[in-house]
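Please look through the structure shown here, and then work through the questions and answers that follow it.

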Amino acid sequence: MMKRILLLFWVLGVVLAGWAQTASERPNIFFILADDLSMRDIEPYGSTQVYTPHLAKLQAEGMCLDNMFNMVPICAPTRQTLLTGLGAVRNGAYPNHSRIYPGIKTLPVYMKELGYKTALIGKRHFAPVDAYPFDFLGGRDHDDGRGRT
């Protein structure tokens, strides 16, 4: 499990480094994490009851990671595992409502080093906040819906 997560971050880093020459050559990256979303709840994964044409288009034109697993089925540890590339026990974010260890680099840090601007829309639920330097935080519970920088 841990090896898969680390491999994902390594592959992502290699791919992004190859495209890091200019902003016009870098791909746009959208990472969507939804609470309580099962594999068959949206169209790209086979739902015939929920029509999600925009997600289906993103999946068809981009990359869809459909064989991913997380070690801890709990809110904050899941988010922090995905945003650090380290399992919850290794990054310190276990149990729920805990924080990562000092000095651990997170996905927004790596992305900024490659010249990307980062944003988080919606649920945050990670700590400490300064370890996750998103350029933009917006949506419910962060502001009035207009975003803040």
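Q: Which residue forms a salt bridge with Lys112?
A: The protein chain has a count of 3 salt bridges, and one of them joins Lys105 to Glu113 at 2.9 Å, N to O. Lys112 lies in helix H5, and its partner lies in the loop between strand S1 (119-121) and strand S2 (136-138), so the pair ties together parts that are 23 residues apart in sequence. With the closest N and O atoms 2.9 Å apart, the partner of Lys112 is Asp135.

Q: Is Glu113 buried or exposed?
A: Glu113 meets Lys105 in a salt bridge, and Lys105 counts as partly exposed at 34% relative accessibility. A residue is called exposed if its relative accessible area is over 50%, and Glu113 has a relative accessibility of 53%, so Glu113 counts as exposed.

Q: Which residues are linked into a cluster by ring pairs?
A: The count comes to 2 aromatic pairs. In one of them the rings of Phe126 and Tyr132 have their centres 4.1 Å apart and their planes at 35°, so this pair is tilted, and Phe126 also forms a tilted pair with Phe134, at 5.9 Å centre to centre and 35° between the planes. Phe126 and Tyr132 are buried, and Phe134 is buried as well. The residues that the ring pairs link into a cluster are Phe126, Tyr132 and Phe134.

Q: Over the face of which residue does Arg26 lie?
A: A charge sits over a ring only if, among other conditions, the CZ atom of Arg is within 6 Å of the ring centre. Arg26 meets this description at 5.1 Å from the ring centre, and the residue whose face lies under Arg26 is Tyr116.

Q: How many of the residues of helix H3 are buried?
A: Of the 149 residues of the protein chain, 33% count as buried. Helix H3 (residues 75-84) is mostly covered, and its buried residues include Cys75, Arg79 and Leu82. Just after H3, Gly85 takes a positive phi of about 80°. The number of buried residues in helix H3 is 10 of 10.

Q: In which helix is confidence lowest?
A: The protein chain averages a pLDDT of 80, and 77% of the residues score at least 70. Confidence is highest in helix H5 (residues 107-113), at a mean of 95. Where pLDDT is low, the predicted coordinates should not be read in detail. The lowest mean confidence, at 52, belongs to residues 2-18, which form helix H1.

Note on methods
Residues numbered from 1 in each chain as written. Predicted model: local features only at pLDDT ≥ 70, side-chain atom pairs only at ≥ 80, totals over all residues. Heavy atoms only, no water. pLDDT = per-residue confidence, 0-100. Helix = DSSP H or I, 4+ residues; strand = E, 2+ residues; numbered from the N terminus. Buried < 20%, exposed > 50% of the residue type's maximum accessible area, 1.4 Å probe, protein only. Phe/Tyr/Trp six-rings, centres within 6.5 Å; stacked < 30°, edge-to-face > 60°. Lys NZ or Arg CZ within 6 Å of the ring centre and 35° of its normal. Salt bridge = Lys/Arg side-chain N within 4 Å of Asp/Glu carboxyl O.
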